[in-house]
Amino acid sequence: MRQQTDWRRPQPTTRASHMTLASSYRKPIDEVDAYIKKRWQEEWNAGKTGRHLHSIQPEVEDKQQRHFSSRSAEVQTHRLRLGRCLLNSYLHQMGKHDTGNCSLCGSPETIGHFIMECPAKGISTTLRKMCQDRGMQFDLHTLLSNPSIAIQIHRPTDRRL
Ligand SMILES: [Zn+2]
């Protein structure tokens, strides 16, 4: 008599045994990942350098990529995130600007001033409205972490940052 095969029942295969083996490693791998991320976060919180970026992004992040429509927008956004740009306040720190103040309104030209406060160019108004329309916080973290918003900082800027 011929033996019938039940095709609905999963048949043991070499691939299934690999999956079982891989899943047995999953828990220790996740524990190692969590430990590394915890140590990374502790070092990031206690660090003495990169404090501008820490104020924008206090949480360490892994495997996050930002996709920009142009290389120049990407470079500019990273400069603003790192606090290493050509705004007057930072030029003043390097001895390359007399006052460090905004030439349009006279306030210290910091990154926060340039993209969130200065009334002269309207960048802050545009960005505030974009955040409101999308239900997002209006802060440096949001503005400099989201490429579709950060590109708006790049467009109206007629000077190299
Ligand atoms: Zn200004």
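What follows is a chat about a predicted model and the words used to describe it.

Colleague: I'm new to this one. What does the secondary structure of the protein chain come to?

Modeller: Eight helices and zero strands. Read from the N terminus on, the elements go α-α-α-α-α-α-α-α. The chain has 161 residues, of which 13% count as buried.

Colleague: And how many of the contacts join residues at least 24 apart?

Modeller: If you take contacts between residues at least 6 apart in sequence, 45% of them do.

Colleague: Let's look at helix H8. Which of its residues are buried?

Modeller: H8 covers residues 147-154, and Ile-149, Ala-150 and Ile-153 are buried there. To get that label, a residue needs 20 or more other C-beta atoms within 10 Å of its own.

Colleague: What puts those three on the same side of H8?

Modeller: Look at the arc: they cover only 95° around the axis, so they sit on the same side of H8. An α-helix has 3.6 residues a turn, so residues three or four places apart point the same way.

Colleague: What covers the buried residues of H8?

Modeller: The cover includes helix H3 (71-82), helix H5 (111-117), helix H6 (123-134) and helix H7 (140-145).

Colleague: Take H3, then. Why are H3 and H8 called roughly perpendicular?

Modeller: Their axes cross at roughly 95° and come within 9 Å. Angles of 65 to 115 degrees count as roughly perpendicular, so H3 and H8 get that name.

Colleague: Which residues meet there?

Modeller: From H3 you have Ser-72, Ala-73, Gln-76 and Thr-77, and from H8 Ala-150, Ile-151 and His-154. Sorted by class, this contact of H3 with H8 has three nonpolar, four polar and no charged residues.

Colleague: Is the crossing of H6 and H8 left-handed or right-handed?

Modeller: Right-handed. On the H6 side, Ile-123, Thr-126, Leu-127 and Met-130 make the contact, and on the H8 side Ile-149, Gln-152 and Ile-153 do. The residues of this contact divide into five nonpolar, two polar and no charged.

Colleague: Where is Trp-44 found?

Modeller: In helix H1, residues 14-46.

Colleague: What makes Trp-44 partly exposed?

Modeller: Trp-44 has 15 other C-beta atoms within 10 Å. Buried would take 20 or more and exposed 12 or fewer, so with its 15 Trp-44 counts as partly exposed.

Colleague: What does Trp-44 touch?

Modeller: His-54 and Val-60, not counting residues up to four places away in sequence. As for Glu-59, it is 15 residues from Trp-44 along the chain, and their C-alpha atoms are separated by 8.3 Å.

Colleague: Last one: how do you know that Thr-142 counts as partly exposed?

Modeller: By the count again. Thr-142, which lies in helix H7, has 17 C-beta neighbours inside 10 Å.

Key
Residues numbered from 1 in each chain as written. Predicted model: local features only at pLDDT ≥ 70, side-chain atom pairs only at ≥ 80, totals over all residues. Helix = DSSP H or I, 4+ residues; strand = E, 2+ residues; numbered from the N terminus. Arc of directions from axis to C-beta. Contact = placed C-beta atoms within 7 Å. Axes fitted to C-alpha atoms, helices over the stretch in contact; angles between N-to-C directions. Parallel < 35°, antiparallel > 145°, perpendicular 65-115°, else oblique. Nonpolar A, V, L, I, M, F, W, Y, C, P; charged D, E, K, R; others polar. Left-handed = near helix turned anticlockwise from the far one by under 90°.
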